[in-house]
Amino acid sequence: MAIVLGPNQYGKAENRLVTVSRNGSVHTIKDLTVSTSLRGDLADTHLTGDNAKVLATDTQKNTVYAFAKEAPVGEIEDFALRLGRHFVGTQEAISGARILIDEHAWERIDGHDHAFSQGSNEKRTTAVTIEGSQAWVVSGVRDLVVLKSTGSEFHGYPKDPYTTLKETTDRILATSVTARWRYAGTDVDWAKSFTEIRSIMLKTFADKHSLSLQQTLYAMGEAVLNARSEVAEVRLSMPNKHHFLVDLSAFGLENDNEVFYAADRPYGLIEGSILRDDAPDAGLAWSTLPAF
Ligand SMILES: O=c1[nH]c(=O)c2[nH]c(=O)[nH]c2[nH]1
């Protein structure tokens with residue numbers, strides 16, 4: 001029996017980067033969380049502590065901030081591709097890179113030039129993987145919280161000795177969408193693609209009469225693939241944020257689908273992938289990302 005080093009990567013996680021671009025008194029801000037991970041010929045440092053091939057995580061952090069000054073950050077996918085290609089292209093021992101970026105949204109306060117409010121916790125995300133000269137881009141959105149107060153039913157499920165859930169033809173459906181979509185290539189208008197995919201998912205959530213959150217999840221992914229040819233696969237993770245009807249009968253009150261208890265846990269967790277059956281091979285696109 002021999003003990004060997006398995007897959008490994010290293011980098012600086014969650015660099016918080018905020019940039020201000022000025023056009024006179026009109027400012028634009030970008031608020032990013034950037035994580036870098038490098039892979040390659042890294043056995044020596046693990047086995048003997050020889051760091052000759054280890055680009056320090058501190059250097060990786062500095063590169064993130066220097067790159068933000070040397071050229072406009074632009075779209076998160078472009079920034080991630082720049083960083084990943086730089087590390088792989090300039091460090092002989094480094095054959096691959098994984099760059100994760102979350103973009104935190106800020107909105108202008110009332111059209112103000114340089115004051116902003118953070119309206120929601122929603123994040124635009126990207127995960128770029130570089131291996132040699134190849135690149136894969138998986139972008140997405142996190143913490144996109146949505147609710148519809150009707151247009152959702154749930155019934156027809158098996159009743160076993162432990163089933164207490166009542167069937168319903170009218171319930172609240174609420175979730176916090178984590179979506180990741182894999183692009184077929186890298187020649188993409190990232191900003192336009194993001195905006196349209198987000199809006200397609202929201203419209204489908206709103207319009208689709210739901211018989212289960214699973215059906216809604218599939219419909220959202222299907223709608224994205226039907227409308228956006230640049231996307232090969234969509235993975236969705238959607239907690240069912242249950243809203244339980246409160247029993248008010250003890251007070252002689254009838255609850256006509258008006259008063260709910262919003263439970264925070266436990267929650268149903270509905271996850272799935274929707275893809276084209278002729279989608280190009282995923283390669284390393286999903287490596288080290290959560291399954292959904
Ligand atoms: O849309 C739903 N899917 C389920 O699988 C499920 N299970 C459950 O208890 N409620 C729901 N709702």
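**Helix 4 and helix 5.** I looked up how helix 4 (residues 190–207) and helix 5 (residues 213–227) pack in this predicted model. Their axes come within 9 Å and cross at roughly 140°. I therefore record the two helices as oblique to each other, since only angles over 145 degrees count as roughly antiparallel. For the hand of the crossing I noted right-handed.

**Residues in the contact.** Helix 4 contributes Ile197, Ile200, Met201, Thr204 and Phe205. From helix 5 come Thr216, Ala219, Met220, Ala223, Val224 and Ala227. Sorted by class, the contact holds nine nonpolar and two polar residues, and I found no charged residue in it.

**His112.** I next asked where His112 sits. I found His112 in the loop that runs between strand 4 (107–108) and strand 5 (116–117).

**Confidence.** Last, I looked up the predictor's scores. The mean pLDDT of the protein is 97, and 100% of its residues reach 70 or more. For the complex I noted an ipTM of 0.99 and a pTM of 0.96, both as given by the predictor.

How values were computed. Residues are numbered from 1 along each chain as its sequence is written. This is a predicted model: local features need pLDDT of at least 70, side-chain atom pairs count only at pLDDT 80 or more; totals for chains, interfaces and linings use all residues. Side-chain values use heavy atoms; hydrogens and water are left out. Axes are lines fitted to C-alpha atoms, for helices over the stretch in contact, and angles run from 0 to 180 degrees between N-to-C directions. Helices (H or I, at least four residues) and strands (E, at least two) are DSSP runs, numbered from the N terminus. Angles under 35 degrees count as roughly parallel, over 145 as roughly antiparallel, 65 to 115 as roughly perpendicular and the rest as oblique. A crossing is left-handed if the near helix is turned anticlockwise from the far one by less than a right angle, and right-handed if clockwise. Contact means heavy atoms within 4.5 Å. Ala, Val, Leu, Ile, Met, Phe, Trp, Tyr, Cys and Pro count as nonpolar, Asp, Glu, Lys and Arg as charged, and the others, Gly among them, as polar. pLDDT is the predictor's confidence in each residue, from 0 to 100.
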